[in-house]
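Student: Hi! Could you walk me through this model while I have it open on my screen?
Tutor: Happy to. Ask away.

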Amino acid sequence: MSFFDMDYKSDWWKGEGSPLLKSPLPGPRSKEIFAKGAPFTSLTGRASLCPVVFEHGVGPWLTDVDGNRFLDFSSGVYVTSLGHSHPRVSSAVASYAGKLMNCHDYMTEIRALYFEKIASTMGPGMDYIHLYDNGSTAVEFAIRAARSITGRHEIITLFQDHHGKTMGAAALGRMNTSHNTGRTQGFYTVPRPDTYRPLWRREDGRVDVEQYLSFYEQFILESTTGNVAAFVVEPIQGWGGTVVYPDDFFPKLSAFCRERGILLVADEILTGAGRTGKWLATEHWGGKPNIVTLGKGLGNGFPMSALITGKEHTKAIAPLGMSSTYGGNPMACAAGLAVIESIEEESLLENCRMLGTQFMDGLEQLKQKYSFIGDVRGKGCLLGMEFVSPHESQEPLVDAGAVVYEEALKLGLVAGIPTKNLLRLAPPIILDNETAGLGLELLGKALDAAQSRLGL
Ligand SMILES: Cc1ncc(COP(=O)(O)O)c(C=O)c1O
């Protein structure tokens, strides 16, 4: 029995049907609003590449202020996995917006219900939960928690990981965007077992995971003080380029950490809450994380995140003062509960896995057709493609991501998030095969246009 028992049809988002472009992009109203707002701030590349101004969204459809309609294959930014304005989530938030917005850390009924629900998705022993309002804060608390639990201070992550933009979280990621700040002491990064560009291969051509682990062993010996509290890892790298690791990586990394008293922190902010077809991406491979962080899809657009671990760590963690101003507020708990109820009732994990097969088949076909696609990869509805020079093996085709993105937008597809030679796709997990197929078709046309534009 659901708390937010609601009567909506599974095709609630299907009315819009197809993209609709009424004016060349950006339309006149978009231009006007962009000119008014943009000078006040710095927008990300994607938002300024072609400055359309969105006005509303229904399911996978986004409509701009000029009445142009787009198919959104970015889910906001890996956030609206259940589609824009999901009726159950919107109504859950609205009901608490009119009832109780904040009472700090006091327990509420909706929070108690949400704790029970989220714990039920996590598997045995993951039942100690703290809620926040953004991913970076959950990661900051994960670092503090790992230090307090182990009594050690050093943290290791993988090359090109992204864990957020606050000071501690940024220290876990690449430093190329952290001009002048430098990496905080005690934070280290080590190579990721990237299947497309591996550093170490076995004789059969597969990635040599053992070699990576023995490098980590050497690294800990040579570069750290031996006080490593945690490996903080994205199960599938998002911003680093949708990098899916070999099947044996997680179980082996998990064992590696366990044997050395190091905690494994799975940062599932981007990969969790069903995006890959399981509640947690780590479930695909096994290997048990000690701490999990969740965000993005957790509230389907309502800002919320979580840190989840086992109750055995209460004594070490509670004294850190784990509350925050907005963490666990009634609206967030209502949104989070509505998300999990919808995933369960609409069988969305199964749907996501089914879509994942369709998408990977479709992307493989595109790769066969376009020689500037070097690699396609993903799981469920977390997908990516990497563009390379058709003439030189694996030479990144810098800027191709943005060109494909722009061409797709002109056709009515918000084709994920471009960076350099990468395009990362995150369609919502509610899609049917027909709409997923439409997205692939539009992507194919965009690749055609990009190929000519790039003179390939
Ligand atoms: C894996 C991962 N961790 C943490 C974060 C930070 O989340 P937020 O932007 O909500 O602070 C992100 C954001 O993209 C992320 O992808």
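Student: Which residues are closest to the ligand, and how many surround it?
Tutor: 14 residues surround the ligand, and the closest are Gly135, Ser136, Gly164, Ile269 and Leu270. A residue counts as near a molecule if its C-beta atom, placed from the backbone, lies within 6 Å of it. Two caveats. This is a predicted model, where local features need pLDDT of at least 70 and side-chain atom pairs count only at pLDDT 80 or more, while totals for chains, interfaces and linings use all residues. Residues are numbered from 1 along each chain as its sequence is written.

Student: Which helix gives the most to that shell around the ligand?
Tutor: Helix H6, residues 135-150, with 3 residues. Helices (H or I, at least four residues) and strands (E, at least two) are DSSP runs, numbered from the N terminus.

Student: And how does the shell divide into nonpolar, polar and charged?
Tutor: There are 4 nonpolar, 8 polar and 2 charged residues around the ligand. Here Ala, Val, Leu, Ile, Met, Phe, Trp, Tyr, Cys and Pro count as nonpolar, Asp, Glu, Lys and Arg as charged, and the others, Gly among them, as polar.

Student: OK, domains. Where are they?
Tutor: Domain 1 covers 14-78 + 354-453 and domain 2 covers 89-345; such bounds come from an automatic or database domain assignment. Their C-alpha centres lie 27 Å apart.

Student: How many residues are in contact between domain 1 and domain 2?
Tutor: 17 residues of domain 1 are in contact with 18 of domain 2, where contact is C-beta atoms, placed from the backbone, within 7 Å. On the domain 1 side, helix H3 (75-78), S13, S14 and S17 are the elements that give two or more residues. That side divides into 6 nonpolar, 6 polar and 5 charged residues.

Student: S14 again! Is it buried or exposed?
Tutor: Strand S14 (residues 382-387) is mostly covered, with 6 of its 6 residues buried. Buried means 20 or more other C-beta atoms within 10 Å of a residue's own, exposed means 12 or fewer, and partly exposed is in between, with C-beta atoms placed from the backbone. Leu382, Gly384 and Glu386 point one way from S14, and Leu383, Met385 and Phe387 the other way.

Student: Why the two directions?
Tutor: In a regular strand, side chains alternate between the two faces of the sheet.

Student: What does S14 pair with?
Tutor: Strand S13 (residues 373-379) runs antiparallel to S14 over 6 bridges. Pairing requires at least two bridges found by DSSP. The S13-S14 hairpin has 2 residues between the strands, and glycine 380 in the turn has a positive phi of about 55°. S14 is also joined to strand S17 (residues 422-425) by 4 bridges, again antiparallel, with glutamate 386 opposite leucine 422.

Student: Switching topic: what's in the largest nonpolar core?
Tutor: That core has 123 residues, and Ala142, Ala335, Leu413 and Ala415 have the most contacts inside it. It is a set of buried Ala, Val, Leu, Ile, Met, Phe, Trp, Tyr and Cys residues joined through C-beta atoms within 7 Å. Helix H11 (residues 330-345) gives the largest share, 9 residues, and the core draws at least three residues from each of domain 1 and domain 2.

Student: What does alanine 142 touch?
Tutor: Not counting residues up to four places away in sequence, Ala142 touches Val232, Val265, Ile291, Thr293 and Leu307.

Conventions:
Contact = placed C-beta atoms within 7 Å.
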